[in-house]
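Have the sequence and the 3D view open as you read.

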Amino acid sequence: MPLPYGGARLQAWSVAALTLLLAGCQTAPTSMPVAEPAPSASCHWTITPGSTSLAAVVDVLENRDFLVRDTDTELGVVSADRAERAVYHNADAIRPHIGGVIVGGSGGYIGVGTGIGIGIGGGRGTIDDATRIERVSVAVGETDIRVTRDIRLYDWAGDLRESRTASDAHFCQDFRAQLEGRPVSTTAVEEGR
């Protein structure tokens with residue numbers, strides 16, 4: 001059934017308005033994403049050619065309890081990570097549930113009432129349990145070394161809750177000292193892990 005002239009016009013305007021509304025203001029990004037906070041300057045240093053090997057990088061990472069996941073000798077890159085249990089303090093609080101209906105019967109009679117119960121449950125974990133994953137990549141070039149590090153926190157259900165770059169001065173200075181065979185302060189190692 002064809003629409004009268006006014007109805008077709010209204011339908012055309014409605015479709016045009018809906019298209020503009022759904023399209024929104026789409027623009028291309030003007031710049032690429034930048035790590036926040038920016039990596040420390042001490043995470044990139046120059047070396048004399050041939051003074052550092054990928055095997056030495058792997059040794060330092062393994063001594064710091066990292067598990068090496070990938071090594072590309074052609075690119076000169078080593079990637080490793082370590083995981084530890086943590087507490088996610090920003091989790092939603094567990095709210096108690098009180099009340100209910102109890103239906104039962106005995107001897108041909110049916111009774112209904114309310115009650116309060118306390119339950120102790122198991123499950124996959126408490127709501128505060130989390131896993132902290134720390135990932136490190138080290139790129140060994142002809143004349144320089146670059147270290148990148150990030151930390152992610154996953155809650156008990158495996159959902160990502162926090163993610164940040166962690167290429168800080170403490171970690172990179174200690175990594176460099178261990179790589180060069182120099183002593184490392186124990187305080188800085190514990191802070192930078």
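Start with the count: there are 2 aromatic pairs here, where rings of Phe, Tyr and Trp (its six-membered ring) pair if their centres lie within 6.5 Å, and planes under 30 degrees apart count as stacked, over 60 as edge-to-face and the rest as tilted. Take F66 and F171: their ring centres are 6.4 Å apart and the planes meet at 80°, so this pair is edge-to-face. The two residues are 105 apart and tie together distant parts of the chain, with F66 in the loop between α2 (54-63) and β2 (67-72), and F171 in helix α3 (residues 169-179). Helices (H or I, at least four residues) and strands (E, at least two) are DSSP runs, numbered from the N terminus.

Before you go on, a word on the model: it's predicted, so local features need pLDDT of at least 70 and side-chain atom pairs count only at pLDDT 80 or more, while totals for chains, interfaces and linings use all residues. Residues are numbered from 1 along each chain as its sequence is written, and side-chain values use heavy atoms, with hydrogens and water left out.

Put together, F66, F171 and F175 make one aromatic cluster.

Finally, look at R149: its charged end sits over the ring of F171, 4.3 Å from the centre (the rule: NZ of Lys or CZ of Arg within 6 Å of the ring centre and within 35 degrees of the ring normal).
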